[in-house]
Amino acid sequence: MSWKMWSLKRSLFVYHVNTGACNNCDIEILELLTPAYDVERFGITLVGSPRHADVLAVTGICTRQAAPRLREIYQATPQPCVVLCIGTCALGQGIFADTYHAGRCVDEVIREVDPGAIIAYVPGCPPKPEAMILGVVKVWKKLDELAAAAKPAPQATPVVEAARQ
Amino acid sequence: MSMNVHPSEPTEVRERHGFEQELEQPLRRAGGIRESGNDRQATYLLPVDRLVPLLRTLIDEKQGRLATMTGIDVRDGTELIYHVCFDRERFVANLKVCVPRATDAMESITPWLPGAEFIEREIHDLLGVDFPGHPRMERLILSDDWPEGVYPLRRGFRKQDVEIAIKKRQV
Amino acid sequence: MDMGTMILILAGGSLATAALGLLAKGVDRKVTARLQWRVGPPLYQPVIDCVKLLGKETVMPEVARGTGFLMIPLFGLAGACLAATLLWAMNLQTRVGFVGDAIVVLYLLTIPAVTTILGAAASGSPHAAVGASREAKLLISYELPLTVALLTAVVHTGGSFQIGAIVEAQRAAGAVATSVSGLLAFGVAMLCIQAKLGLVPFDQAEAETELMAGVYTEYGGPPLAVIYLMRFMLLAALPILLITLFWGGVQVFGWAGLASVGKFAVLIVLITLIRNTNPRLRIDQSLRFFWYFVTPVALAALAAALLGRAWEVSWL
């Protein structure tokens, strides 16, 4: 596995984006940093700017007001980055889908900007911290898959070529 | 005076009624009618043009505090309720006015009560009531691309109207 | 001394300081976690953080001044490397050096703070602008007491501005911190380096919960790795500066070497403890703190050292 993926898995900087949530999921995200679950021992920390982040933890239904801002935040996050949609609202807007201020869903807005974005979904209202940790594990497995798929097939070295001739 | 007294208990009723007596005089001057209430709160209906002087009296002289304003769309206008809390006496006066659909305007109280600025902007965004005299009537809680003239909390609002109005504006 | 040896010495000093700084930051995070009843990340976590940042793409805001924005962190790193290498050299070989090199080291150690301000200004972001103005205010408040503390150490050890001479005097007559003026100056210097490192209670420039990431908001990827490395190197260099001036100097071999490691660990834990038990001050509160409390204490320490020199009293 390349050193980039190896270090990325062991040091995930998370930036939390609230696109119109009731704050329930936001509190549960902070719970992951408390001594009961303590995800900092895996290298996961909260950072203050999307430019420092590897993971965007998005909560909320993505209101019409928040949509252009979410697009800009995603574009400001350096690749490789992952979007973690946390809570029923971030998955498909839940019971608020027909309200007057609900535009397009979080993943539709992100795919407008980057059709190949990696998006992980954590259901729940709010999701239990164990479910969020399972989301992070799924992200790790997906990053492994991508690293394995991107690795080129081993090529014959010039020494071997010379010996063959 | 414990806060957990059930409203139907007869204790302290006389003191509460005592405070309502204090409000009766300014209310009568403003032409207000008591619609409903108990010893903790009461709702009064007022004519549109008499509300602001009464509000000034309640807030400046009777130590009232404007908690918030709420509104609902009725067929021939918008009903706005100003919730005034009297914390020391533990009483809430709800002052109701009916803003007619023809004008859709209510005098702004922001010039002398700066805290009402955001409340009036929100009501303007959602219910379409104008507040002449407001120093900064801009979009507050609806998105920047929300079309004018479409008010979500009005009866008959359909979510499609938003997209239709945006397309019409672009054309 | 030819170019090759100089580059070798610079590289050696920088690598040693970088390794020590990464370890010190790991200890800081571990101790923070333990103080909060958590387990905390492994000690080598800062290494993984920097490596990961080197593997990400560089993003820049459109309004930023490109070349300056990317070059400025490198200047800050260079300043930290130079200062750290000088400190190592003066401690290990006390004869090498020149009169006034203590001033040079102090001057080089201000370069990271200045480049932080310039980088924040170059990024064109309002968060960074507020952070930069706060960093500038902090800079003018903690530099004076730090210089006065240095002067106290200089006066106490006989008046030479050469770091090697200060270290030799401490080895002969006892550490500066064992005297009244030295202890006061040591306390003053501890507070000043807490502000220099940008740690709570003086981290208004970064101010995570108020200003997004403050001065570092618009940096991402490899430039951020350079900035992290610069801050970790300062975390190693500044305690070494304190030990050099006040606590007998750093040695590498033998029992004295072990004692130096112990002194360094004590300072790091002290910094972490201060960081975790205090709230962040407002910028005007920290200005007032440094100008009205810390500077008078530093001046009192200097006066005590001068009196001690004049009246031949060794414990002053």
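Reply: Two residues are taken to be in contact if their C-beta atoms, placed from the backbone, lie within 7 Å. The model is a predicted one, in which local features need pLDDT of at least 70 and side-chain atom pairs count only at pLDDT 80 or more, while totals for chains, interfaces and linings use all residues. Residues are numbered from 1 along each chain as its sequence is written, and chains are lettered from A and ligands numbered from 1 in the order in which they are written.

Starting with the partners, 19 residues of chain A are in contact with 25 residues of chain C. On the chain C side, helix H2 (residues 45-54) of chain C contributes the most, with five residues; helices (H or I, at least four residues) and strands (E, at least two) are DSSP runs, numbered from the N terminus. That side of chain C is made up of eleven nonpolar, seven polar and seven charged residues, where Ala, Val, Leu, Ile, Met, Phe, Trp, Tyr, Cys and Pro count as nonpolar, Asp, Glu, Lys and Arg as charged, and the others, Gly among them, as polar. With chain B, six residues of chain A are in contact with five residues of chain B, and the chain B side comprises three nonpolar, one polar and one charged. Chains B and C do not touch each other, their nearest C-alpha atoms being 21 Å apart.

Turning to the fold of chain A itself, its secondary structure comes to seven helices and five strands, which follow one another from the N terminus as α-β-α-β-β-α-β-α-α-β-α-α. The C-alpha trace of chain A spans about 75 × 40 × 25 Å along its principal axes. Of the contacts in chain A with a separation of 6 or more, 81% are between residues 24 or more positions apart.

The five strands of chain A form an open sheet with parallel pairing, in the order E2-E1-E3-E4-E5, two strands being paired if DSSP finds at least two bridges between them. Strand E2 (45-46) and strand E5 (118-122) of chain A each have a single partner strand, so they stand at the edges and one side of each lacks a neighbour in the sheet.

Helix H5 (residues 106-113) of chain A lies across strands E3 (55-59), E4 (82-86) and E5 of chain A, running at about 165° to E4(A).

H6(A) also packs with helix H1 (residues 3-10) of chain A, at an angle of about 175° and with the axes 10 Å apart. The two helices are therefore roughly antiparallel (over 145 degrees; under 35 is roughly parallel, 65 to 115 roughly perpendicular and the rest oblique). Met5(A), Leu8(A) and Lys9(A) of H1(A) make this contact with Trp140(A), Leu143(A) and Ala147(A) of H6(A), and by class the contact has five nonpolar, no polar and one charged residues.

Methods:
Axes are lines fitted to C-alpha atoms, for helices over the stretch in contact, and angles run from 0 to 180 degrees between N-to-C directions.
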